[in-house]
Amino acid sequence: MKFTLSWLHDHLDTRASVDEICEVLTDVGLEVEGVTNPADALKDFTIGRVKSAEKHPDADRLRVCQVETDRGLKQIICGAPNAREGITVVVAHAGAYIPGIDTTIQVGRIRGVESHGMMCSEREMQLSDEHDGIIELPSGEVGARFVDWLAEHDPAKVDPVIEIAITPNRPDALAVRGIARDLAARGLGTLKPGKTATIKGSFQSPIKVTIDADTADDAPLFMGRLIRGVKNGPSPQWLQDRLRAIGLRPISALVDITNFFTYDMNRPLHVFDAGKVQGNLRVHRARGGETLMGLDDKEYTFQPGMVVISDDSGVESIAGVMGGLPTGVTGETTDVFLEAALWDPIQIAKTGRALKINTDARYRFERGVDPLYNAPGLDLATQMVLDLCGGEPSDVVKAGAVPDVARAYRLDTERVQSLVGMEIPADVQRATLEALGFVLKGDMAHVPSWRPDVQGEADLVEEVARIASLTKLVGKPLARPEPGVLRPILTPMQKREQIARRTAAALGYNECVTYSFIDRGAAEMCGGGDDATMLENPISSEMSHMRPDLLPGLLQAAARNQARGFMDMALFEVGPAFHGGEPGEQHVQVAGLLVGHSAARDPHGSRRPVDVYDAKADAEAVLASIGAPARSMIQRNAPDWWHPGRSGQISLGPKNILAVFGELHPKVLKALDVKGPAVAFTVFAERVPFPKSKTATRPALILNDLQAVERDFAFVVDKDVDALSLVNAAAGADKKLIERVSLFDEFTGAKAEAQMGEGKKSLAITVRLQPTEATLTEKDIEAVSDKIIQKVAKATGGVLRG
């Protein structure tokens, strides 16, 4: 939103400087993005008077002028045809920057004669394109600043332009009057009374207006009147200057008037050439396929449901967005139909986006205009048309009704302290709201029609606080709820997530933060993708479902990295996965992904492809860091997106699965375009039991002073028996004594079958026995050994190898 200082003065009586205005605007929430002040470029120019002008001794077209300046009498060489004795001129001394020619002038010699400055033309000072001669001022004191003379005699030339950023909730600030109202409420001046006009029509408008019943919700009100006998020429200079200053091109008086009201009062208008309108106007929805040549000389094709304005011959205007070229006004226009209407903001936004049209009218209608200003705005615009173009107005034609936007909220003056932390007297709060246009009746504040953003009591407090200035807030430390050491802020689960993150990072993984939404295909591969987790309004087809697992996001990140040449990576993420669509149907996962090789190339041969044991070790490290029990079971039957023969589950019993690890299924890697090898792990952090003792004190260190004993066993089993079953069977023989069971040898192949029989293999394990009460005797060891042999035989059918 751009406006000039003089334009602001039309609504605000103030002596504040541009800097003061900008500071207050930003403070009340209307952030200043830039200020263009033409006076800055002209500050070094002063007024002088030519005392004498004689012909240059060595050039026919040059004059040697003696000029009275603020620095005394100066000799200046000038080639302008109007350089002569007695005229008042604009002088630039040596060292001044001339913006029109991008030059800093210096003392120089021209054809052997010294020149100590320059007398300037309008183009050299970027005031206009005029350069036939130097500036001749009708008045002015020698030595006075030229910008001061301009400010008094031609203020448009040095009128500062201020640009502010508008948040979507402040459509009232899209009017210069709305900006002036905020400044006046802060105390930076007095808001001038708003202009009014009462126009009485002298005849009935031959153009009538109707709104289709199915369009009334998106076009609640349409008003207009015909003005005949107008003369559409150039707009007056003051209006052209204002429009040019804010970046608009003056077109004609009728068009410039509509643009003026768009910025002055946030009241977009449109003018039809009534002589080109056939029959009456009708507001309706497009059937689809209709076309219109817009005022920007582009043809637009309408989709079904778009709101348009048509006459008897077809579509003539895109409602609230842009008019049509066939009924646009020209220099030959004598009769015009002036439109002032209200449109639904959402409908305007949809139409503008679909047709890819950005106009000032669309920008304002899709944010909201004052519905109660429709009729006053139409009358004021009519009065300006009559003043600038002449003509005779008709009665107003009207379709629809003004929407009822009246609402009121209770002003609780005590809430400012609790919501904002500022102490503002009650009478100041009431005065602030009244200055902003609110009407107070008792403790009820009636919201002005131009403020659609005020929707509750808290908004009243916000209005009071921003005008009072949030910069006055004083930071105060929060009082402790109770004396002593503060309780932990993080919950046990949040602390566990923090520890898991640090552990994964310490293992060499890089953390990822991926979207919680994935496409249906990826979700189905990982056990999800049903209707319960489908989004009702996804932002894209690739984010249609809530993720059932963290791995799809990590795999997609890996694929993107591989596409850019990074083939080896270690990624992890800590976050929620969703097993349903209801609140609470989610669980925290810690997922890690290893892709490629374990190390960079080196001469020592340490580089190898990542394998299932890498994932298993990292999963166990994460589990250990978050307090999982040291003893756990390793099971098969991992979910379908894991490799069936190269994956496993870490569990406490058959049902409480703490983690899954292993290679990912080849079909998953192929679907997500990940080049293997790729192994991963998923830890279910919430399933790890929390310690029963919640004290911060560490438990006592248990050190066994009794000698541990290790025994080796070699069993002959069928070759399809997995080692894990044998290890688990041996570990369960005596849970009190057996501390650890580990596999250290596997003998398979033709030689093994030749020695032990066809279809057989040998698995060798080490069992560590740790007594706690007494040193183990040979008899105790033999008893445990017998139990181990019996357990393994029962579970796997294995026998001791002879």
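**Charged pairs, buried residues and a surface patch**

Lys 276 has a relative accessibility of 33% and therefore counts as partly exposed. The model is a predicted one. Lys 276 forms a salt bridge with Asp 273, with 3.9 Å between the closest N and O atoms. Asp 273, at 7% relative accessibility, counts as buried.

A second pair involves helix α8, which spans residues 360–365 and contains Arg 364. Arg 364 is joined to Asp 360 by a salt bridge, the closest N and O atoms being 3.9 Å apart. Because the two residues are four apart in helix α8, about one helical turn separates them. Arg 364 is buried, with a relative accessible area of 2%, and Asp 360 is partly exposed at 27%. Arg 364 also has a polar atom of its side chain 3.0 Å from the backbone oxygen of Thr 262. Leaving aside residues up to four places away in sequence, the residues that Arg 364 touches include Met 1, Leu 174, Tyr 263 and Val 369.

Arg 740 and Glu 710 meet through their side chains in a salt bridge of 3.8 Å, N to O. Arg 740 lies in strand β40 (residues 738–747) and Glu 710 in strand β39 (residues 709–718), so this pair ties together parts that are 30 residues apart in sequence. Arg 740 is partly exposed, with a relative accessible area of 41%, and Glu 710 counts as partly exposed at 41%.

Salt bridges also link Arg 170, Asp 172, Asp 182, Arg 451, Asp 453, Glu 463 and Arg 466 in a network. The count of salt bridges comes to 42.

Helix α3 (residues 146–153) has Phe 146, Val 147, Trp 149 and Leu 150 buried. These residues cover an arc of only 155 degrees around the axis, which means that they are on the same side of α3. The buried residues of α3 pack against β4 and β7 (88–93).

Strand β4, residues 46–56, includes His 56. His 56 is buried, with a relative accessible area of 1%. A polar atom of the His 56 side chain lies 3.4 Å from the backbone nitrogen of Ala 59. Apart from residues up to four places away in sequence, His 56 touches Leu 62, Arg 63, Val 64, Ile 77, Ile 110, Arg 111 and Val 113.

Leu 295 sits in the loop between β19 (291–293) and β20 (299–301). With 41% relative accessibility, Leu 295 counts as partly exposed.

How values were computed:
Residues are numbered from 1 along each chain as its sequence is written. This is a predicted model: local features need pLDDT of at least 70, side-chain atom pairs count only at pLDDT 80 or more; totals for chains, interfaces and linings use all residues. Side-chain values use heavy atoms; hydrogens and water are left out. Buried means under 20% relative accessible area, exposed over 50%, partly exposed in between (1.4 Å probe, protein chains only). A polar contact is a pair of N or O atoms within 3.5 Å; within protein, one must be able to donate a hydrogen and the other to accept it, and residues adjacent in sequence count only if both atoms are side-chain atoms. Contact means heavy atoms within 4.5 Å. The arc is that of the directions from the helix axis to the C-beta atoms. A salt bridge is a side-chain nitrogen of Lys or Arg within 4 Å of a carboxyl oxygen of Asp or Glu.
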